[in-house]
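Colleague: Can you walk me through this one? I have the sequence and the structure open.

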Amino acid sequence: MTTGVDLGQPQAQSVRSDEDVVRVRQLVRAVAVSVKLSLVDQTKVVTAASELARNTLVYGGGGSVEVTVVNNGRRNGVQIVFADSGPGIADLDLAMTDGYTSGGGLGLGLSGSRRLVDEFQIETSAESGTRITVTKWSR
Amino acid sequence: MERVPILKIGDILLVSIQLDMSDQTAVALQEDLAQRIVDTGCHGVIIDITALDIVDSFVGRMLSTIASISKVLDAETVVVGMRPAVAITLVELGLSLNGIRTALNVERGMELIAAAHADELDYQLDDEPDAETATP
């Protein structure tokens with residue numbers, strides 16, 4: 001399928017405040033609409049982005065988000081990278097468990113957002129912080 | 001920071017969230033609403049989320065907290081107008097919105113609050129031993 005979407009031009013948004021989390025949601029929504037995700041898929045990817053951007057702010061001490069239109073040869077998708085240089089996640093398996101939180105949240109951010117996207121990749125270390133890449137494909 | 005307006009209609013406080021709230025705005029709404037319940041003595045709170053295109057775990061938790069706070073302050077909370085895509089996403093996210101009553105629209109929300117309040121009044125007046133016991 002050929003569409004007029006601009007492939008491979010990442011759009012960046014720094015995450016330093018509450019308002020930036022709102023901006024991340026708006027940016028992800030705009031890109032999700034441009035690759036023609038269904039309404040439910042738009043809602044899912046924007047919700048996941050909201051959770052992960054908040055994690056970047058609250059647990060990572062701030063960082064950046066990059067949103068890119070990607071194509072796997074058959075479908076377009078939205079890829080979002082959340083990067084921070086915070087303390088990293090000590091026990092990743094535990095952090096991915098529903099209901100576990102090291103902060104005051106509900107413990108659904110990581111585990112829940114993984115369910116809302118098609119691909120979810122996480123790299124974390126105490127030295128270089130946390131980098132989460134998620135992708136949602138159009139159907 | 002933007003604030004969400006709270007309208008009083010009879011015995012009900014109506015909150016229609018029309019903006020993409022920052023977390024601070026959500027927390028402020030919680031506090032403003034608690035204050036307005038005490039100031040007005042209203043017995044019902046309707047939160048209209050028709051305009052919200054997502055409800056993430058933070059907003060979900062805010063809704064649960066508002067419901068609990070209002071309960072303690074003798075007011076019933078009903079969340080109305082959730083979009084289907086939001087409902088689907090909430091369930092997949094794993095959020096159960098514990099303790100929250102929902103209705104499809106404001107009108108039904110108002111009926112629900114009126115019924116709940118009437119039940120409560122019946123229950124309080126109902127002190128005769130032979131009277132039929134109303135099930136809650």
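**Sheet, helix and contact**

Modeller: Start with a strand pair in chain B: β3 (residues 44–48) and β4 (residues 76–80) of chain B run parallel to each other, joined over 5 bridges. Keep in mind that this is a predicted model.

Colleague: Which residue of β4(B) does Ile47(B) stand opposite?

Modeller: Val79(B).

Colleague: And what is the strand order in the open sheet of chain B?

Modeller: The order is β1-β2-β3-β4-β5, 5 strands with mixed pairing. β1 (6–9) and β5 (101–103) of chain B are the edge strands; each has a single partner, so one side of each has no neighbour in the sheet. On average, neighbouring strands are turned by 25 degrees against each other, direction ignored.

Colleague: What does α1(B) touch on the sheet?

Modeller: α1(B) packs against β1, β2 (12–16) and β3 of chain B, and its direction makes about 160 degrees with that of β2(B). α2(B) packs on the sheet as well, touching β3 and β4 of chain B, at about 155 degrees to the direction of β4(B).

Colleague: Stay with α2(B). How many residues does it have, and how far does it reach?

Modeller: α2(B) has 16 residues and spans 23 Å from first C-alpha to last, close to the 22 Å expected at 1.5 Å a residue. Just after this helix, Asp74(B) has a positive phi of about 65 degrees.

Colleague: Which of its residues are buried?

Modeller: Among them are Phe58(B), Met62(B), Leu63(B) and Ile66(B), along with Gly60(B) and Ser70(B).

Colleague: What covers the buried residues of α2(B)?

Modeller: Elements of both chains: the cover includes α2 and α4 (109–116) of chain A, and α1, β3, β4 and α3 of chain B.

Colleague: On to the contact between the chains, then. How many residues does each chain give?

Modeller: Chain A gives 24 residues and chain B gives 18. On the chain B side, the elements giving two or more residues are α1 (23–40), α2 (57–72) and α3 (84–93). α3(B) gives the most, with 6 residues.

Colleague: What kinds of residues are on that chain B side?

Modeller: 7 nonpolar, 5 polar and 6 charged.

Colleague: Last topic, the largest nonpolar core. Which residues touch the most other members?

Modeller: The core has 60 residues, and those touching the most others include Val28(A), Val45(A), Val78(A), Val45(B) and Ile47(B). Helix α2 (residues 39–58) of chain A supplies the largest share, 7 residues.

Colleague: What is Val78(A) in contact with, beyond its neighbours within four places in sequence?

Modeller: Its contacts include Val28(A), Val31(A), Leu37(A), Val45(A), Val67(A) and Thr135(A).

Key. Residues numbered from 1 in each chain as written. Chains lettered and ligands numbered in written order. Predicted model: local features only at pLDDT ≥ 70, side-chain atom pairs only at ≥ 80, totals over all residues. Contact = placed C-beta atoms within 7 Å. Helix = DSSP H or I, 4+ residues; strand = E, 2+ residues; numbered from the N terminus. Nonpolar A, V, L, I, M, F, W, Y, C, P; charged D, E, K, R; others polar. Core = buried A, V, L, I, M, F, W, Y, C linked by C-beta atoms within 7 Å. Buried ≥ 20, exposed ≤ 12 C-beta atoms within 10 Å, placed from the backbone. Pairing = 2+ DSSP bridges. Axes fitted to C-alpha atoms, helices over the stretch in contact; angles between N-to-C directions. Expected span 1.5 Å × (residues − 1).
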